[in-house]
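Subject: Structure handover

Hello,

The structure we talked about is below, for you to take over. My notes on it follow.

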Amino acid sequence: MSETATQALEEIPEGDTEPAPEALTDGFHLIIDALKLNDLNTIYGVPGIPITDFGRMAQAEGMRVISFRHEQHAGYAASIAGYLTKKPGICLTVSAPGFLNGLTALANATTNCFPMILISGSSEREIVDLQQGDYEEMDQLAIAKPLCKAAFRILHAEDIGIGIARAIRAAVSGRPGGVYLDLPAKLFGQTMGADAGAQSLVKVIDAAPQQIPAPDAVNRALDVLKGAKRPLIILGKGAAYAQADDEIRTLVENSGIPYLPMSMAKGLLPDTHPQSAGAARSLALKEADVVLMIGARLNWLLSHGKGKSWGAPGSKKFVQIDIEPREMDSNVEIAAPLVGDIGSCVTALLDAMGSDWSAPPAEWTGAIRTKVETNVARMAPKLQNNNNPMDYHGALGALRTIVRQRPDAMLVNEGANTLDFARSIIDMFEPRKRLDVGTWGVMGIGMGSAIAAAVETGKPVLAIEGDSAFGFSGMEIETICRYNLPICVVVFNNNGIYRGTDVNPSGGADMATTVFVKDARYDKMMEAFGGVGVYATSPDELLRAVNEAMDSGKPTLVNAVIDENAGTESGRIGNLNPQSVVSKK
Ligand code: ADP
Ligand code: TPW
Ligand code: MG
């Protein structure tokens, strides 16, 4: 017996009546207290056995509990909450099927380096492990493990504090990612003394510690940059996530180096910035001799750092800033790896540059600038067209104006042509305003991302969705209406995937695989739940409807009729489709 417990016994006066019963707490409340203690106050999920009461109690204890129609979208919402706040987003699901529905989002979060925790209730261990057929039986921990950064199970109430602390640290430290936390049904009802329970909780101190780069790595990076004649900076969504906005802007501006933002890094500096090489992407990639990567990976989105788009083989040197040491040399040789957090690395580079830095040759920066201006001027008239039905340029020309006038609004974007055109046409002006399909190019992030964007920032949200893309999460417009969120969904309705014109090659009665019901009225779906539905056939109508929605903050869906011939197969990545050697019918 511990000394304090002994003393406590001795201190009970003799002859006294029964001591007051000790106050108890339980698993439910310990989990809630542990989350709140760590400033995690919002849960995205779907209720059911064994977590229904948990959701109620969390709400009663002041947490925001957003109930979805499908766990995948709750999961995407949690991951975007993580991306926007640098705290792990929390997704809560029931066992087996609910868990699996959430798992896609957990895997996607890990792939995108977004911090989130998927908390799933699970069945009784004894029964699961003997495979005796429990209600929703599944060995969830084993299934989650290969798809996330870390996976933990808590079996005892006294371990809840430590378990949640471990999950938080795993999600946000180093390279952020998804964490799975398995909570068997029995845990929720387990009791322990309230005082001991409170003491068992852990407030995580410095969950994502700074990682200062080594001085020689900084000098090496600077030497490589100084040797450049045609330097380029590539900003990725890791740079946006890091929230080192001022440092990054200062580095770009003090160095005078042109920069290229990856899609979710758009707006870190305004897309209209004179050093933006966004509209001269091909030239910049091909001709640069030194490339400084900041929080971007040389994966398929950058053609793995090699091949035709990167110019002559061996013509480039890479400097890479990343928190994950193993990212270095993953695709091509990195001449100067700079491992650490982006804030610290960029600050160290800036300090080392000091005043002894000369801007890149005007010949290079001028060539990029000229190309940008030419391309922007060539695009301008297309964006003015008032065609009916609309093409992508006309419709996006209208939405582009809206985003320019509302730089603090959140933008969500998915689809194929709808994504590719919107990404290049719509300028962004502030960091972390653009949310899209990310590293996997996954369809279905739309409504979950829009909901998280509205909940976490309180700003109006514009979601630009291909009609196929929208379909993956469309039922969540009920969620949007239920919570009365300021979200305007614009469905680019071209009657299908890529185009609406395919025909069944067999000549049979079934529709072609890529086409949908013609002239579907997605706007009526929104009306079914009490939101505003608008049918728009021209850029002018679209502009008016979206402006009204963004002003009113009312849940709105605009069905934007797009010419079904306007798109191309797979948007801009048609080259990734395998080709059959047998000629097409
Ligand atoms: P994009 O798709 O925009 O090119 P990626 O998702 O491929 O971006 O790359 C993001 C990179 O940023 C990842 O390699 C990740 O390890 C890194 N990263 C994330 N957060 C930080 C941070 N705080 N400091 C340094 N690197 C980070
Ligand atoms: C989870 C494959 C990529 S893009 C797309 C699909 C189905 C839809 C494109 O049509 P949409 O856009 O949205 O109407 P538009 O403007 O070109 O007509 N399942 C998942 N992810 C992906 N990426 C796919 C399928 C796909
Ligand atoms: Mg479409």
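Please keep in mind that this is a predicted model. The notes go site by site.

Metal site

Which residues coordinate the magnesium ion (ligand 3)? Asp-467 through OD, Asn-494 through OD1 and Gly-496 through its O atom, at 2.0 to 2.1 Å. Along the chain these donors follow the spacing D-x26-N-x1-G. Asn-494 counts as buried because its relative accessibility is 3%, under the 20% cut-off. Gly-496 is buried as well, with a relative accessible area of 2%.

Glu-476

Asp-467 belongs to α20 (467-473), and Glu-476 sits in the loop between that helix and α21 (477-482). Glu-476 is buried but has no salt bridge. What does the side chain of Glu-476 reach? The backbone nitrogen of Arg-69, at 3.1 Å. Leaving aside neighbours within four places in sequence, Glu-476 is in contact with Phe-68, Arg-69, His-70 and His-73, and also with Met-447 and Ile-451.

Helix α15

Helix α15 (residues 342-353) has twelve residues, which at 1.5 Å a residue should span 16 Å. The C-alpha atoms at its ends are 16 Å apart, in agreement with that value. At the start of the helix, a side-chain oxygen of Asp-341 comes to within 3.3 Å of the backbone nitrogen of Gly-343. Just after the helix, Gly-354 takes a positive phi of about 45°.

The buried residues of α15 are Ile-342, Gly-343, Ser-344, Cys-345, Val-346, Leu-349, Leu-350 and Met-353. An α-helix has 3.6 residues a turn, so residues three or four places apart point the same way. Which elements cover the buried residues of α15? Among them are the helices α11 (215-226), α12 (237-241) and α13 (245-255), together with the strands β11 (290-294), β12 (317-322) and β13 (336-339).

His-393

His-393 lies in helix α17 (residues 392-405). Is His-393 buried or exposed? Its relative accessibility is 14%, so His-393 counts as buried. Beyond its neighbours within four places in sequence, His-393 is in contact with Met-379, Lys-382, Leu-383, Asn-385, Phe-421 and Ile-425.

Regards

Conventions. Residues numbered from 1 in each chain as written. Chains lettered and ligands numbered in written order. Predicted model: local features only at pLDDT ≥ 70, side-chain atom pairs only at ≥ 80, totals over all residues. Heavy atoms only, no water. Donors = N, O, S within 2.8 Å, 3.2 Å for Na, K, Ca; no water. Buried < 20%, exposed > 50% of the residue type's maximum accessible area, 1.4 Å probe, protein only. Helix = DSSP H or I, 4+ residues; strand = E, 2+ residues; numbered from the N terminus. Lys, Arg positive; Asp, Glu negative; His and termini not counted. Salt bridge = Lys/Arg side-chain N within 4 Å of Asp/Glu carboxyl O. Polar contact = N/O pair within 3.5 Å; in protein donor to acceptor, adjacent residues only side chain to side chain. Contact = heavy atoms within 4.5 Å. Expected span 1.5 Å × (residues − 1).
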